[in-house]
Amino acid sequence: MGLRKTPAALVAFGTAAALAIAGCSSTSSPSSGGSSSTSSSAPAQLTVWRMGASVPSQVSWMNNVVTQFHKDFPQYANTKVNVVWVPWTVRTTDWNNALASGKNAPDITELGNTDTPTEASLGVLTNVSSYVNSWSAKSGLVSGMLANDVQNGDVYAVPWFGGVRGVWYRTDQFTKAGITSPPTTWAQLVTDAQKLQQTFPGTYGIDAITDDTNAFASFLWGAGGQIATQSNGTWTANLTSAADEAAIKYYVSLYSTYHLSPSKYIGQTELGNVGSTSGGANTDFGLGKLDLYIDGPWASATMPANSADKANWASFPIPSENGPNTAPVFAGGSDLAIFKTSKYTQADWDLISVMDNTANSTSFANLQGFFPPYTAELTSGPYKTEKFMSGFATAAENSQVSPLNAKNWPTADTGKYFIIPSHRVRGQRSAADGAEFGHRELALRV
């Protein structure tokens, strides 16, 4: 899925940066499968695998979608939609078991967008190109989100919702520090963080955490770099390119040169020490000890109950090296796909088209602090006028998966999302504590 899975976001993305939606089924494979009626008739039953927990708000949303499905497609008025909740932790095992055994398989499955390329390459998903290409909603999808679902020109899923990171700040602090607009370049980001740190003594200017590749990827992309590139079916790590080295040196400088980020963030995620669910940069921002915080809107659920000055929280996109365009952002989230063994692809697609229409995908995304996959929803309406969400909405217009379309990325990344801490260069030492903080070549095979 690609976002950091926190307790509340297990209502939302995973420590793959990690947010996701947790599950209520057992760790064994789900017990419900497709209908036995013939493919020429309306199916007696369609089974939908949803990832995560059957929390009341999501159950209610799904029930409303099923009602709409029966209304919009009266030919399926008697088709029962069976929803099975699958824990994120066993999803891959359950997909593989269902495909290998031919039993208890879903007709439709939700899957994390980082899962889609891999599962498509393994033959788990149905090619839905003909449905998507004739779908009236296709033209409105965020291109980077749909691109993740395409393998060799064929489409295997559609984006359902996504989430991106941006920079959190407080509008009243910007005003007091004399900052009139959010930064659009790296140099401006440093200058503004310095102003905030000087205006509010005892705070940290920005969090240069090391253990979250999905956040750091924006700096690589914002310099024109890549984590890895593909040539003739082989992926090669790119972290020694000039652009990637510029990004790494800049990110390190936030700590080692400008002293805007504390040494305690080295080896931490945004939630603190690896495995923690609080106590990190998120807590510092919530309590007013950190001026600029990089994370997604879902992190609201991880903030301390006694967070300060919440009415003035706002966001802006992560800047690119030289502006004026924003840096590309990692888009975590979920897709919807038809399972390879389903006999009812037309009915499956008709249900997906209801689940993923603009209104329903938007309402579902709003339940979790994410975004629908439609550009128009990101460029107008409440996302652009609400000060906290507007920066994330702008960032989401320029999103991709990292590395874009790498079918083995989940295997290569292993869910840890650490670039800097595992790949350090000797010689860059802080005057404060002499900690090593840098990088060397990433031996990434994807």
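**The salt bridges and their surroundings**

Author: Let's start with D309 and R170, whose side chains meet in a salt bridge, 3.9 Å from N to O. D309 sits in the loop between β15 (290-295) and β16 (313-316), while R170 belongs to strand β9, so this pair ties together parts that are 139 residues apart in sequence. Keep in mind that this is a predicted model.

The two partners have their own surroundings. R170 has a relative accessible area of 1%, so R170 is buried. D309 comes out at 29% relative accessibility, so D309 counts as partly exposed; the cut-off for buried is under 20%.

A search of the whole structure turns up five salt bridges. Among them is R91 with D115, at 2.7 Å from N to O. R91 is in helix α2 (residues 91-101) and D115 is in the loop between β5 (108-112) and α3 (116-121), so here the parts tied together are 24 residues apart in sequence. R91 and D115 are both buried.

Another one of the five joins the side chains of R165 and D212, at 3.6 Å from N to O. R165 lies in the loop between β8 and β9 (166-170), D212 in the loop between β10 (204-206) and α8 (213-222), so this pair ties together parts 47 residues apart in sequence. Once again, both residues are buried.

Now for the nonpolar side of things. The largest nonpolar core has 97 residues, and W168, F219, L292, L351 and F371 are the ones that touch the most other members. Helix α9 (residues 242-256) gives the most to this core, seven residues in total. Take L292: leaving out residues up to four places away in sequence, L292 touches V167, W168, Y169, F174, L189, A193, L196, G205, I206, D207 and F316. There is also another core, lying apart from that one, with 17 residues, including M51, W95, V124 and L125.

One more residue to look at is Y156, found in the loop between β7 (154-155) and β8 (158-163). With a relative accessible area of 15%, Y156 is buried. Beyond residues up to four places away in sequence, Y156 touches A120, L125, T126, N127, V128, D149, Q151 and A337. Y156 and P117 are 39 residues apart in sequence, and their C-alpha atoms are 8.3 Å apart in space.

Terms used:
Residues numbered from 1 in each chain as written. Predicted model: local features only at pLDDT ≥ 70, side-chain atom pairs only at ≥ 80, totals over all residues. Heavy atoms only, no water. Core = buried A, V, L, I, M, F, W, Y, C linked by side-chain atoms within 4.5 Å. Buried < 20%, exposed > 50% of the residue type's maximum accessible area, 1.4 Å probe, protein only. Helix = DSSP H or I, 4+ residues; strand = E, 2+ residues; numbered from the N terminus. Contact = heavy atoms within 4.5 Å. Salt bridge = Lys/Arg side-chain N within 4 Å of Asp/Glu carboxyl O.
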